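This report describes selected side-chain contacts and surface features of one protein model. Please consult the sequence and the structure shown below while reading.

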Amino acid sequence: MNHLPLIIKREYLTKVKNKSFIIMTILSPIIMIALIAVVAYLSQLNNNKTRTLSILDESGLVFDVFQDKEYTKYDILENISLDDAKEVVESAGTYGLLYIPKYDSISELTKHIKFYSKESPSLSILTGLESKLQAKLRDVKLEEQGIDIEKLNASKIRINISQESFIGEKTSKIDSYFKLGFGLAAGYLLFMFIIIYGNMIMRSIIEEKTSRIIEVIISSVKPIQLMLGKIIGTSLAGLTQFVIWLLIGGVLMTVISIVFGVDLMQQTPQQQMMEQSMANPEVAAEVQNAMHAFYNLPIGNLIIAFILFFIGGYLLYSSLYAAIGAAVDNETDTQQFMFPIIMPLVLAVYIGVFTVIEDPNGTVSTIFSFIPFTSPVVMLMRIPFGVPIWQQAVSFLLLVGTFMFTVWFAAKIYRVGILMYGKKPSYKELLKWIKY
């Protein structure tokens, strides 16, 4: 008699009705959104703070480059000594004093520019001041050498090599970043899902084993059915939890933004600089290329492949977690078996980052995209670069075949280990169980 549906239902309901599961399902997004809201609020307060910088330019070369902005004001000091300027700035509580001394040589001047402040200045403030001074003093030095700045700027050439396949498909460097980004996101999501819910499966088996409930269950259910039921039921519970997190998180972000007026998408100085640079035609062209690159992605293929390889990879590793849970009596003993499971995933991420982006159809990338323990990550990274459907199909069939073999292999460990107590197993012992 097939008890698999009943086992799946039991595992699912047991998980979702568990008090700790319910509490963490509700509290986790609340805590996460609360932390994001606090950071965004503090960042908003920090960004809305107006800073006044005093400038003492004894050289008379750079004072004109300092123009007031929304949250940064410049106070140009004139006809005052450095010591007096320090006293004035300190007594007025100004953010800091930028001192540019007078030297005959620009090279000597750049070595003696100083910024005085009561506390350590912001890195972004110093970086902004340095970029302004570098640009201005470079132009001054060029003019001293008799070089026409306007002609020099006009002579600058920017080359952006366009890319096109032999059949006329146009691509760009941005395409590669989009493709790699999708692969990294998919690999990270799979990695985290396996770690979180694989451990949940393992702990569930250990709990039932130590409570001796498993002895009653195993008398009427085949070990392989029990193991598959636990894997599928726990996976469905994890998927339910993930969907609830998304729903609660979306609602909380909306409520916090409307009620408390906290912008959770508060712009950073880098984002503000990006928006300002959009006025540049060259930057606007790059954005257009990025949008074109996004629309050029094989979205349908990516979605279908992501679902298939994600499910296949998760089930493959979950069966190994279940076997480990059956082989040990407590979580402490699981450490010796965890390393061989995690290493293929880590290797897959490294292979994807360091080889797929350079040569997605190279020998290394292709081989690891067919190895079942690395293919869920590596193949997902290769697909955006263009992988024949037959390769995707072969890789997925190998993954499914390996999963079926792993379930059979894990079930052999499961049926013996689930009834073993008080003994810490070794790899040699596991081999005996498999041969049994």
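Phe 309 is buried, as its relative accessible area is 2%; buried denotes under 20% relative accessible area, exposed over 50%, and partly exposed the range in between, with a 1.4 Å probe and protein chains only. The structure is a predicted model, in which local features need pLDDT of at least 70 and side-chain atom pairs count only at pLDDT 80 or more, while totals for chains, interfaces and linings use all residues. Residues are numbered from 1 along each chain as its sequence is written, and side-chain values use heavy atoms, with hydrogens and water left out.

**Aromatic pairs**

A search of the whole structure finds nine aromatic pairs. Rings of Phe, Tyr and Trp (its six-membered ring) pair if their centres lie within 6.5 Å; planes under 30 degrees apart are stacked, over 60 edge-to-face, and the rest tilted. Phe 306 and Phe 310 form a tilted pair, because their ring centres are 5.3 Å apart and their planes stand at 35 degrees. Both residues belong to helix H12 (residues 299-327), where they are four residues apart, about one turn of the helix. Helices (H or I, at least four residues) and strands (E, at least two) are DSSP runs, numbered from the N terminus. Phe 306 is partly exposed at 22% relative accessible area, whereas Phe 310 is buried at 13%.

Phe 309 pairs edge-to-face with Phe 396, at 5.9 Å centre to centre and 75 degrees between the planes. Phe 309 lies in helix H12 and Phe 396 in helix H16 (residues 389-417), so this pair ties together parts that are 87 residues apart in sequence. Phe 396 is partly exposed, with 22% relative accessibility. One aromatic cluster is formed by Phe 193, Tyr 197, Phe 306, Phe 310 and Tyr 314.

**Salt bridges**

The structure holds four salt bridges, each defined as a side-chain nitrogen of Lys or Arg within 4 Å of a carboxyl oxygen of Asp or Glu.

| Salt bridge | Closest N and O atoms |
|---|---|
| Arg 10 and Glu 11 | 2.9 Å |
| Lys 230 and Glu 11 | 2.8 Å |
| Asp 139 and Arg 138 | 3.6 Å |

Lys 230 is buried at 1% relative accessible area, and Glu 11 is buried at 1%. Arg 10 is partly exposed at 33%. A network of salt bridges links Arg 10, Glu 11, Lys 15 and Lys 230. Asp 139 is partly exposed at 24%, and Arg 138 is partly exposed at 44%.

**Surface and backbone**

A nonpolar surface patch of about 680 Å² comprises Ile 22, Ile 23, Met 24, Ile 26, Leu 27, Ile 30, Ile 31 and Leu 35. Patches consist of residues with over 30% relative accessible area and no salt bridge; like charges are joined within 9 Å, and nonpolar side chains (Val, Leu, Ile, Met, Phe, Trp, Tyr) within 5 Å. Ile 26 is part of helix H2 (residues 19-47) and is partly exposed at 40% relative accessibility.

Most residues other than glycine have a negative phi. Asn 79, although not a glycine, has a positive phi of about 55 degrees. Asn 79 sits in the loop between strand E2 (72-77) and H3 and is exposed at 84% relative accessible area.

Terms used
Accessible areas come from the Shrake-Rupley method with a 1.4 Å probe; for residues, only the protein chains shown count as cover.
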